[in-house]
Amino acid sequence: MGLEQLVACVVEADMDNVEDMIKKELDAGTDPAVILKDGLINGMDVVGEQFESGDFFLPEMLAAALTMKAGVEYLKSHLVGDSNESAGTVIVGTVEGDIHDIGKNLVTMMLEGAGFEVYDVGIDVATEDFVKAVKEKNPQILGLSSLLTNTMPSIKTVIAALKEAGLREQVKIMIGGAPVTQEFADDVGADGYASDAAGAVALARGFMGN
Ligand code: B12
């Protein structure tokens with residue numbers, strides 16, 4: 001079976017069959033990371049294109065997102081290893097005005113699998129709440145997610161607020177989300193950018209000197 005069927009399953013929000021399809025792929029020996037990337041994530045990309053072209057509206061996008069989430073939940077135990085020693089502490093959240101969380105949740109999941117202690121502060125997180133979280137949890141790393149072009153400036157605002165609070169130097173900041181680029185990261189003075197969850201883990205390890 002090709003992963004096209006799983007792509008179609010996400011696009012059509014076929015919630016009843018998503019687990020079965022993933023199970024079949026796993027049984028056939030397909031790499032879980034490939035199932036995630038070429039199946040589930042690819043499906044969300046198609047949904048994004050359909051939305052952009054006006055073939056899909058919000059309800060379809062949301063239904064597909066819920067199907068994707070169910071798939072990720074099912075795949076989770078196969079994707080992440082388990083590690084007991086803490087590799088470091090990370091706070092992750094989606095910036096103010098933005099409620100997209102699938103990518104952030106994947107980043108959280110993979111970081112946890114890599115042994116990081118992760119505090120997920122959620123979606124639509126106000127700048128002052130990021131500052132508060134950094135103050136309270138004293139993490140080595142802060143991960144900011146933004147999926148909308150018009151919420152990307154919030155990343156800059158958070159970095160400025162951390163500077164203002166005298167906390168900027170004690171935390172490495174990594175950023176990501178579909179519209180975010182390395183160039184943007186350089187512009188706003190983030191310490192790193194990654195295009196996917198595996199890249200986020202590599203960045204985080206790098207920050208910790210591993
Ligand atoms: C699902 C979805 C939704 C769902 C979200 C459900 C949820 N719980 O997340 C719903 C239906 C709610 C939604 C709403 C909206 N959406 Co929407 N959505 C999407 C869609 C189809 C998929 C996003 C997704 O989950 N992708 C899969 C994940 C795995 O990928 P990812 O998020 O990019 O994350 C990966 C990387 O980016 C990276 N990463 C992510 N975060 C971080 C953080 C760090 C620190 C690091 C290092 C890496 C990293 O790693 C992740 C894992 O590999 C995208 C299209 C797309 N292809 O991106 C549109 C999209 C993002 N949405 C869009 C729009 C316009 C909207 C709405 C404004 C629509 C509307 N008119 O209301 C609203 C905004 C709501 C809001 N205020 O936030 C546009 C944004 C355009 C733009 N550039 O600004 C897109 C691109 C669709 C499009 N092509 O037009 N959306």
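**Starting from Ala190**

Analyst: Let's begin with Ala190: leaving aside its neighbours within four places in sequence, Ala190 is in contact with Ile155, Ile159, Ile173, Met174, Ile175 and Ala185. Keep in mind that this is a predicted model.

User: Ok, and where is Ala190 found?
Analyst: Ala190 is in the loop between helix H8 (182-188) and strand S5 (192-193).

User: Is Ala190 buried or exposed, and why?
Analyst: Ala190 counts as buried because it has 23 C-beta neighbours inside 10 Å, and 20 or more is what it takes to be buried.

User: Which residues of the largest nonpolar core touch the most other members?
Analyst: That core has 37 residues, and the ones touching the most other members are Leu111, Ile155, Met174, Ile175, Ala190, Ala200 and Ala204. Helix H9 (197-207) gives the most to this core, with five residues.

User: What does Ile175 touch?
Analyst: Not counting residues up to four places away in sequence, Ile175 touches Leu144, Ile155, Val180, Ala185, Ala190 and Tyr193.

User: And what does the second core include?
Analyst: The second core is separate and has 17 residues, among them Met21, Ile35, Leu36 and Leu40. As a general point, nonpolar side chains tend to be buried together in soluble globular proteins.

User: Let's switch topic. What does the domain assignment give?
Analyst: The domain assignment gives domain 1 (4-79) and domain 2 (88-207). Six residues from domain 1 and four residues from domain 2 make up the contact. On the side of domain 1 that touches domain 2, four residues are nonpolar, two are charged and no residue is polar.

User: How far apart do the C-alpha centres of the two domains lie?
Analyst: The C-alpha centres of domain 1 and domain 2 are 25 Å apart.

User: What about the ligand, how many residues surround it?
Analyst: There are 38 residues around the ligand, and the closest are Gly48, Ile102, Gly103, Gly143 and Gly176. Elements giving two or more residues to this shell include H3, H4, H5, strand S3 (141-145) and strand S4 (172-176).

User: Which element gives the largest share of that shell?
Analyst: That's H3, with seven residues. Both domains take part, since the shell draws at least three residues from each of domain 1 (4-79) and domain 2 (88-207).

User: And how does the shell split by class?
Analyst: By class, the shell around the ligand has 22 nonpolar, 10 polar and six charged residues.

User: You mentioned H4. Where is the kink in H4 centred?
Analyst: The kink in helix H4 (residues 58-79) is centred on Glu73 and is about 30°.

User: Which residues of H4 are buried, and what covers them?
Analyst: The buried residues of H4 are Ala64, Thr67, Met68, Gly71 and Leu75. Their cover includes helix H1 (4-11), helix H2 (15-27), helix H3 (32-52) and helix H5 (102-113).

User: One last residue. Where does Val131 lie, and what does Val131 touch?
Analyst: Val131 lies in helix H6 (residues 127-137). Not counting residues up to four places away in sequence, Val131 touches Ala161, Leu162, Ala165 and Leu167.

User: Why does Val131 count as partly exposed?
Analyst: Because Val131 has 17 C-beta neighbours inside 10 Å, and partly exposed residues fall between the cut-offs of 12 or fewer for exposed and 20 or more for buried.

Definitions and conventions: Residues are numbered from 1 along each chain as its sequence is written. This is a predicted model: local features need pLDDT of at least 70, side-chain atom pairs count only at pLDDT 80 or more; totals for chains, interfaces and linings use all residues. Domain bounds come from an automatic or database domain assignment. Two residues are in contact if their C-beta atoms, placed from the backbone, lie within 7 Å. Ala, Val, Leu, Ile, Met, Phe, Trp, Tyr, Cys and Pro count as nonpolar, Asp, Glu, Lys and Arg as charged, and the others, Gly among them, as polar. The bend at a residue is the angle between axes fitted to the seven residues ending there and the seven starting there. Helices (H or I, at least four residues) and strands (E, at least two) are DSSP runs, numbered from the N terminus. A residue is near a molecule or strand if its C-beta atom, placed from the backbone, lies within 6 Å of it. A nonpolar core is a set of buried Ala, Val, Leu, Ile, Met, Phe, Trp, Tyr and Cys residues joined through C-beta atoms within 7 Å.
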